[in-house]
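Then try the exercises before you read the solutions.

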Amino acid sequence: MNTTFKEKIETLKAEAQNLQAKNAEELEQLRQKYLSKKGAVTALFDEFKLFPKEEKAQWGASVNQLKQQVESRISELRDAVTVHCASSTVNLDLTRTPDPIAMGTRHPLSLVREQIIDIFSRIGFTVADGPEVEDDKHVFGMLNFAPEHPARDMQDTFFIEKAEGVQKPTDILLRTHTSSVQTRVMTQWAKQLADSSTHQVPDSLRVLCPGRVFRNEAISARAHCFFHQVEGLYIDKNVSFADLRQVLLYFAKEMFGPETQIRLRPSYFPFTEPSAEMDISCDLCGGKGCSFCKGTGWVEILGCGMVDPNVLESCGIDSKVYTGYAFGLGVERITNLKYRVKDLRLFSENDIRFLQQFESC
Ligand code: PHE
């Protein structure tokens with residue numbers, strides 16, 4: 001009887017070597033034919049189980065070998081079928097011109113910030129940087145803010161670490177304006193001046209500080225809890241308000257066109273005296289008055305003034321020798337004017353349909 005068992009094994013082994021399948025269905029049919037519960041190999045195993053012990057020992061190895069052969073042939077076929085399917089559905093044409101890669105665009109706020117920096121760098125301003133997480137001293141104290149000034153209030157400022165009760169110079173907060181960088185660069189310059197015997201120090205300070213600022217405001221089309229400013233600071237001997245006005249006029253004409261006019265209105269900032277706010281003539285209506293400028297013909301773009309002597313002194317600069325001016329402009333405001341973006345939220349929502357409208361990289 002075992003000759004027939006042997007023949008069965010041999011026949012199946014021979015078959016196993018030549019199994020073929022063109023697709024997944026044919027492969028499944030093969031698996032069922034040989035390896036399923038009712039399959040040929042399984043049937044052989046069932047027969048084998050009934051053998052007496054000594055015969056089991058004789059045939060065990062061959063039956064197992066057969067099963068392995070069938071399994072490995074089927075898995076070989078499975079690999080071939082998978083590769084075949086993958087390559088036949090992806091219609092590869094290696095000679096085709098590739099699809100163009102979308103290059104992305106510059107963010108409108110970056111474009112405007114770069115343009116502001118470019119305009120001021122042509123008249124000698126260099127860029128300085130300061131931390132967004134600041135202490136009370138640099139954001140308020142050294143800038144001549146009285147301890148009870150409303151801007152220091154919880155309602156305007158995001159605190160990170162705050163001492164109980166009255167505000168302390170060491171309280172940690174998110175800077176509410178880039179004027180904090182003024183105090184850092186002035187203090188550093190004053191130290192260099194005091195130590196000028198060892199190395200050369202520039203005899204004036206002319207910096208721009210672009211950066212993000214934070215205020216505790218409800219988010220709407222017109223207000224946001226963070227926005228961008230560019231601070232300007234010039235300290236030298238004999239700096240006058242006329243210098244400030246002339247530099248701002250130059251900026252307005254470069255940024256908005258040669259027809260642009262400026263107007264300075266008296267204002268108040270603790271760190272400048274005198275202080276002013278600057279409007280430019282509305283370029284939508286040419287100054288005649290429209291809904292954009294609320295019928296006035298002017299739109300406000302920045303705050304400015306002569307650096308208060310108290311601020312110079314708090315940074316270690318002799319206010320009898322040096323004077324200076326400072327200004328702070330809102331990047332979103334200028335971007336609104338240039339590109340007519342009506343809703344501030346668009347700047348931070350990362351909506352690709354909005355962003356794609358700007359200059360590509
Ligand atoms: N820091 C002021 C603000 O955030 C702007 C300003 C800067 C005003 C420099 C005067 C001088 O509104």
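This is a predicted model: local features need pLDDT of at least 70, side-chain atom pairs count only at pLDDT 80 or more; totals for chains, interfaces and linings use all residues.

**Exercise 1.** Find out how the protein chain is divided, and what distance separates the domain centres.

*Solution.* Start with the bounds: domain 1 covers 2-88 and domain 2 covers 108-355. Next, take the centres over C-alpha atoms; those of domain 1 and domain 2 lie 81 Å apart.

**Exercise 2.** Work out how α8 sits against α10 and which residues meet there.

*Solution.* First, locate the helices: α8 is residues 241-256 and α10 is residues 331-339. They pack at an angle of about 40 degrees, and their axes are 11 Å apart. Angles under 35 degrees would count as roughly parallel and 65 to 115 as roughly perpendicular, so α8 is oblique to α10. Now zoom in on the contact: α8 brings Phe-251, Met-255 and Phe-256, which meet Ile-334, Leu-337 and Lys-338 of α10. Sort these residues by class and you get 5 nonpolar, no polar and 1 charged.

**Exercise 3.** Describe the second largest pocket: what is its volume, and which element gives the most to its lining?

*Solution.* Begin with the volume, about 190 Å³. Then go through the lining of this pocket, which includes Val-185, Gln-188, Trp-189, Gln-192, Leu-205, Arg-206 and Val-207. Two or more lining residues come from each of α7 (179-194) and β5 (205-214). The top contributor is α7, with 4 residues.

Methods: Residues are numbered from 1 along each chain as its sequence is written. Side-chain values use heavy atoms; hydrogens and water are left out. Axes are lines fitted to C-alpha atoms, for helices over the stretch in contact, and angles run from 0 to 180 degrees between N-to-C directions. Angles under 35 degrees count as roughly parallel, over 145 as roughly antiparallel, 65 to 115 as roughly perpendicular and the rest as oblique. Contact means heavy atoms within 4.5 Å. Ala, Val, Leu, Ile, Met, Phe, Trp, Tyr, Cys and Pro count as nonpolar, Asp, Glu, Lys and Arg as charged, and the others, Gly among them, as polar. Domain bounds come from an automatic or database domain assignment. On a 1 Å grid over the protein atoms alone, a cavity is a set of points where a 1.4 Å probe fits but cannot get out, and a pocket is an open set with protein on both sides within 12 Å along at least five of seven lines; lining residues have an atom within 4 Å of a point. Grid points are joined across faces, edges and corners, and a volume is the space filled by probe spheres set on the points.
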